[in-house]
Amino acid sequence: MGRLQALCDTGYALAIHIRLTRPTLLYQTYDAAWSDHYSENGYMLSDPVVHWGLENAGTVFWADLADKDPEGVLKSAAAHGLHHGWTIARGDRFDKTIAGMTRSDRAHTAEEQVEIQEIVAEIHAMTADFVTWPPALQEQARRLLL
């Protein structure tokens with residue numbers, strides 16, 4: 001996860017293997033003020049990034065979702081310092097991984113986007129059978145993500 005943090009200086013979120021509307025693993029490095037604000041306002045229900053990720057596979061820049069954001073989630077994210085956002089969605093509607101990436105200074109380069117997509121693909125593949133891992137190994141993996 002260190003490489004993702006280096007590439008996403010204002011943070012990222014990984015909702016890994018979303019099945020039946022819940023991720024098997026959730027990891028986020030956004031500032032606590034944003035995470036708290038997001039939760040307190042119930043943004044997950046109206047977040048255009050989440051909606052897009054659940055319905056699609058591929059990548060999208062947050063700016064391209066502005067017209068699908070009547071609740072102002074993306075404007076609020078920008079006000080909390082999350083700029084140049086984009087999202088990766090992998091998998092199918094029964095087993096989806098969604099990753100949101102941000103940077104403070106510029107959009108990710110094409111090379112960085114490819115690298116990040118490869119990292120997310122690797123995480124998605126490595127954790128595909130997470131629910132069958134022994135409980136002690138699951139707990140160890142969860143602690144690594146905290």
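**View 1. Antiparallel pairing of β1 and β2 in the predicted model.** β1 and β2 are joined in the antiparallel sense over six bridges; strands are DSSP runs (E, at least two residues) numbered from the N terminus, and two of them pair if DSSP finds at least two bridges between them. I16 has L25 in β2 as its bridge partner. The two strands form a hairpin with two residues between them, and L20 in the turn has a positive phi of about 55°. This is a predicted model in which local features need pLDDT of at least 70 and side-chain atom pairs count only at pLDDT 80 or more, whereas totals for chains, interfaces and linings use all residues. Residues are numbered from 1 along each chain as its sequence is written, and side-chain values use heavy atoms, with hydrogens and water left out.

**View 2. The open five-stranded sheet.** The strand order is β2-β1-β5-β4-β3, with antiparallel pairing. β2 and β3 (58-61) stand at the edges with a single partner strand each, so one side of each is left without a neighbour in the sheet. On average, neighbouring strands of this sheet are turned by 15° against each other, direction ignored; axes are lines fitted to C-alpha atoms, for helices over the stretch in contact, and angles run from 0 to 180 degrees between N-to-C directions.

View 3. Four bridges connect β3 in the antiparallel sense with β4 (residues 86-92), and T59 has I88 in β4 as its bridge partner. Helix α3 lies across β1, β3, β4 and β5 and runs at about 145° to β5; contact means heavy atoms within 4.5 Å, and helices are DSSP runs (H or I, at least four residues).

**View 4. The largest pocket and its lining.** About 700 Å³ of space lies in this pocket, the volume being the space filled by probe spheres set on grid points joined across faces, edges and corners. On a 1 Å grid over the protein atoms alone, a pocket is an open set of points where a 1.4 Å probe fits, with protein on both sides within 12 Å along at least five of seven lines; lining residues have an atom within 4 Å of a point. Of the 29 lining residues, L26, Y38, M44, D47 and V50 lie nearest the centre of the pocket. Elements that each supply at least two lining residues include α2 (32-40), α3 (48-55) and β5 (95-101). The lining divides into 21 nonpolar, seven polar and one charged residue; Ala, Val, Leu, Ile, Met, Phe, Trp, Tyr, Cys and Pro count as nonpolar, Asp, Glu, Lys and Arg as charged, and the others, Gly among them, as polar.
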